[in-house]
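The stops below go one selection at a time.

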Amino acid sequence: MEQILAFCRPGFEAEAGQELVDSAMSAGLYGYFQPERDRGLVRFYLTGPEQAEALLDRVGIDTLVFVRDWLIVLDTPDLPLEDRVGAVIDALKTHRSTMPRCDRVEVRLLENNTDRDLGNFARKWVAPLSRGLRGAGLMDEPDSGASARLEIILPDFTQAIIGFSLAENRARYAGGIVRLRLPASAPSRSALKLEEAWKVFLPPERELDYIGGGKTAADLGAAPGGWTWQLVRQGMSVYAVDNGPMNADLMATGQVEHVRADGYSWRPHRGIDWMVCDIVDQPRKTAHLVVDWIGSGLCRYTVFNLKLPMKKRYEEWLICRDILDEGLKAAGIGYRLQARHLYHDREEITCFIERTG
């Protein structure tokens, strides 16, 4: 039985599994999932032959919310202390005729791994493992244009999950994790969420088209200013909408107008480029707010968070997605919607909408 290993935030394995089942069904494929609770892993088993690659051919990773990244599993060998490289080579030899060409190997740990020795080993193991795989004819030379990448997950020192990811349908960052450093000047850690959202949702070759060039923006629920700070860094003029106090250094930039108002009721006098919203409130209320802004032409781009309830998180996302889709279609506009449970999110998911017509 073919197997896909999916990565998600630890604690959200059930949501990621439900999403895989629904996505497979929409593509005419069927399977079931087995969550590895609190490890950020979901094993998805497909019920027919050659269906794993069919799923990755029909469902794009960018359409998934709770699944951050995925790979097709080939084998799960034990790793004997005396020859771990040899154990991987022996396992892959049995799949030589069916595995795609690969030109590099990525060794990953679980997101919540706390074993520093395992992390050190994983980094040092890549070089001898790569030499062994190329020597055995199981991996091409670097940058040879191979269609896939070998992936090895190390839960611990004694076992491995071996698979491959396809170049055209995997997360831009390994494991779907964007690791960022918070500058000391940032007013709050929430600043990292907006930065990550831009890196995940915006085409890297066109990032300046979206956020450069002195654009105008509104930050709803801005205080103390984490997201406003990111907007200011890009040279934007910002309406910071919040009844709470804003960071003094931000106000001193001259790029921020502090509007003391409720973020859900305030509207600009004319259309602006960006609206961002990180208000803690009912997700459906936020979804309706976004429909009004985008549908009325008040902004062209928006990044916003949906604070999901502890129970029925996946179901709540589906309801909010329907609100967004139905509302924007009723407004008669073209749009691009993406959502993702980002690395810097917790109980919320982050969404991006671009008005395209």
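Two strands pair if DSSP finds at least two bridges between them. Helices (H or I, at least four residues) and strands (E, at least two) are DSSP runs, numbered from the N terminus. The model is predicted: local features need pLDDT of at least 70, side-chain atom pairs count only at pLDDT 80 or more, and totals for chains, interfaces and linings use all residues. Residues are numbered from 1 along each chain as its sequence is written, and side-chain values use heavy atoms, with hydrogens and water left out.

**Stop 1: a hairpin**

Select residues 31–36, strand β2, and residues 41–46, strand β3. They pair in the antiparallel sense over 6 bridges. Pick glycine 31 and look across to leucine 46 in β3, which stands opposite. Now go to the turn. This hairpin of β2 and β3 has 4 residues between the strands. Aspartate 38 takes a positive phi near 60 degrees there.

**Stop 2**

Select phenylalanine 7, in strand β1 (residues 2–7). Is phenylalanine 7 buried or exposed? Its relative accessibility is 8%, so it counts as buried. (Buried means under 20% relative accessible area, exposed over 50%, partly exposed in between, with a 1.4 Å probe and protein chains only.)

Contact means heavy atoms within 4.5 Å. Leaving aside neighbours within four places in sequence, phenylalanine 7 is in contact with several residues, including Leu41, Phe66, Trp70 and Arg108.

Move to arginine 108, in strand β5 (residues 102–109). Arginine 108 is buried too, at a relative accessible area of 8%. Its side chain makes a polar contact of 3.2 Å with the side chain of aspartate 69. (A polar contact is a pair of N or O atoms within 3.5 Å; within protein, one must be able to donate a hydrogen and the other to accept it, and residues adjacent in sequence count only if both atoms are side-chain atoms.) Not counting residues up to four places away in sequence, arginine 108 also touches others, among them Glu151, Ile153 and Gly175.

**Stop 3: an open sheet**

Show the 7 strands in the order β10-β9-β8-β11-β12-β14-β13. They form an open sheet with mixed pairing. β10 (256–259) and β13 (335–340) stand at the edges; each has a single partner strand, so one side of each lacks a neighbour in the sheet. The twist averages 15 degrees from one strand to the next.

Zoom in on β11 (residues 272–277) and β12 (residues 299–307): they run parallel, joined by 5 bridges. Tryptophan 274 has tyrosine 301 in β12 as its bridge partner. Then show helix α9 (residues 283–295). It lies across β8, β11, β12 and β14, running at about 180 degrees to β12. (Axes are lines fitted to C-alpha atoms, for helices over the stretch in contact, and angles run from 0 to 180 degrees between N-to-C directions.)

**Stop 4: cysteines**

How many disulfides are there? The count is 0, where a disulfide is a pair of cysteine sulfur atoms within 2.5 Å. Cysteine 277 counts as buried at 1% relative accessibility, and cysteine 351 at 0%.
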